[in-house]
Amino acid sequence: MTNELEQAKRPVSAMLAGPYGHPFHPILVTVPIGAWVSSLVFDIGSLIVDDPGFLARGSVWLIAIGVVGALAAATVGTLDLLAIPTGTRAFRTGLIHMSLNLVVTAAYVVGFFWRRAASDGPGPVGIGPLVLSAAALVALAASGYLGGKLAYHYGVRVAGESTQAEGYAIHRTA
């Protein structure tokens, strides 16, 4: 079991997934999360301002940025998933996490094209695309919970305890 645990902590490719103890996936996910949360804020704002067109257009751009960021995060996240031994709870959790993220990304791709087809006018975002974005964010939150479980509960791509202990060693100067 110790060997499997250590395997999940090591990158499949340090160049692509990040070196030991410094995975790239957690930093890359901030792009789609931030872009998609901001797009929902823009959506809601477009319903309450006098000139909603700029917010509706901005939301479309934020969704596109989020999709591109999600593809980058998914690429690196897949490498992290490959480091987890199959048949384990951690691997099953990783598969569910990945599947939810793919569904969320697909929902935003659909939302992007839906908005592009309907965004000829200067009006606010339609209720359909707004509800789709809100539902996708709920699924993204569930997936984020699972991602946190992978890192903080199962220790996937987290440095081993002996490496972590170095940060708590007291250095005395003479």
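Tutor: Happy to! Let's begin with burial: a residue counts as buried when its relative accessible area is under 20%, as exposed when that area is over 50%, and as partly exposed in between. Keep in mind that this is a predicted model.

Student: Let me try that on Ser 143. Is Ser 143 buried or exposed?

Tutor: Ser 143 has a relative accessibility of 0%, so it counts as buried. You will find Ser 143 in helix α7, which covers residues 127–153. Leaving out residues up to four places away in sequence, Ser 143 touches His 97, Leu 100 and Asn 101.

Student: And how does Ala 142 count, buried or partly exposed?

Tutor: Ala 142 is also a residue of helix α7. Its relative accessible area is 37%, so Ala 142 is partly exposed.

Student: What about Tyr 108: which residues does it touch?

Tutor: Tyr 108 sits in helix α6 (residues 89–118), and with a relative accessible area of 2% it is buried. Setting aside residues up to four places away in sequence, Tyr 108 touches Trp 36, Ser 39, Ile 63, Val 67, Ser 133, Ala 136 and Leu 137. By contrast, Gly 167 is 59 residues from Tyr 108 in sequence, and their C-alpha atoms are 40 Å apart.

Student: Now the helix pairs. At what angle do the axes of α4 and α5 cross?

Tutor: For a pair like this, look at the angle between the axes; over 145 degrees counts as roughly antiparallel. Helix α4 (residues 30–48) and helix α5 (residues 53–82) have axes that come within 8 Å and cross at roughly 165°. That is why α4 is described as roughly antiparallel to α5. The crossing of α4 past α5 is left-handed.

Student: Which residues make that contact?

Tutor: On the α4 side they include Val 31, Ala 35, Trp 36 and Phe 42, and on the α5 side they include Leu 55, Gly 58, Leu 62 and Gly 66. Sorted by class, this contact of α4 with α5 has 12 nonpolar, 8 polar and 1 charged residues.

Student: How do α4 and α7 pack?

Tutor: Their axes are 10 Å apart, and the packing angle is about 150°. This crossing, too, is left-handed. From α4, Ile 33, Trp 36, Val 37, Leu 40, Asp 43, Ile 44 and Leu 47 meet Leu 130, Ser 133, Ala 134, Leu 137 and Leu 140 of α7. The classes here are 10 nonpolar, 1 polar and 1 charged.

Student: Let's zoom out. How many helices and strands does the protein have?

Tutor: The protein has 8 helices and 0 strands, so its spread is worth a look: the radius of gyration is 20 Å, well over the 16 Å that the globule rule gives for 174 residues, and the protein is therefore more spread out than a compact globule. Along the principal axes, the C-alpha atoms fill a box of roughly 65 × 45 × 25 Å.

Student: And what share of the residues is buried?

Tutor: Buried residues account for 37% of the 174. One last thing to read is sequence separation: of the contacts with a separation of 6 or more, 76% join residues 24 or more positions apart.

Terms used
Residues are numbered from 1 along each chain as its sequence is written. This is a predicted model: local features need pLDDT of at least 70, side-chain atom pairs count only at pLDDT 80 or more; totals for chains, interfaces and linings use all residues. Side-chain values use heavy atoms; hydrogens and water are left out. Axes are lines fitted to C-alpha atoms, for helices over the stretch in contact, and angles run from 0 to 180 degrees between N-to-C directions. Helices (H or I, at least four residues) and strands (E, at least two) are DSSP runs, numbered from the N terminus. Angles under 35 degrees count as roughly parallel, over 145 as roughly antiparallel, 65 to 115 as roughly perpendicular and the rest as oblique. A crossing is left-handed if the near helix is turned anticlockwise from the far one by less than a right angle, and right-handed if clockwise. Contact means heavy atoms within 4.5 Å. Ala, Val, Leu, Ile, Met, Phe, Trp, Tyr, Cys and Pro count as nonpolar, Asp, Glu, Lys and Arg as charged, and the others, Gly among them, as polar. The radius of gyration is taken over C-alpha atoms; the globule rule is 2.2 Å times the number of residues to the power 0.38. Buried means under 20% relative accessible area, exposed over 50%, partly exposed in between (1.4 Å probe, protein chains only).
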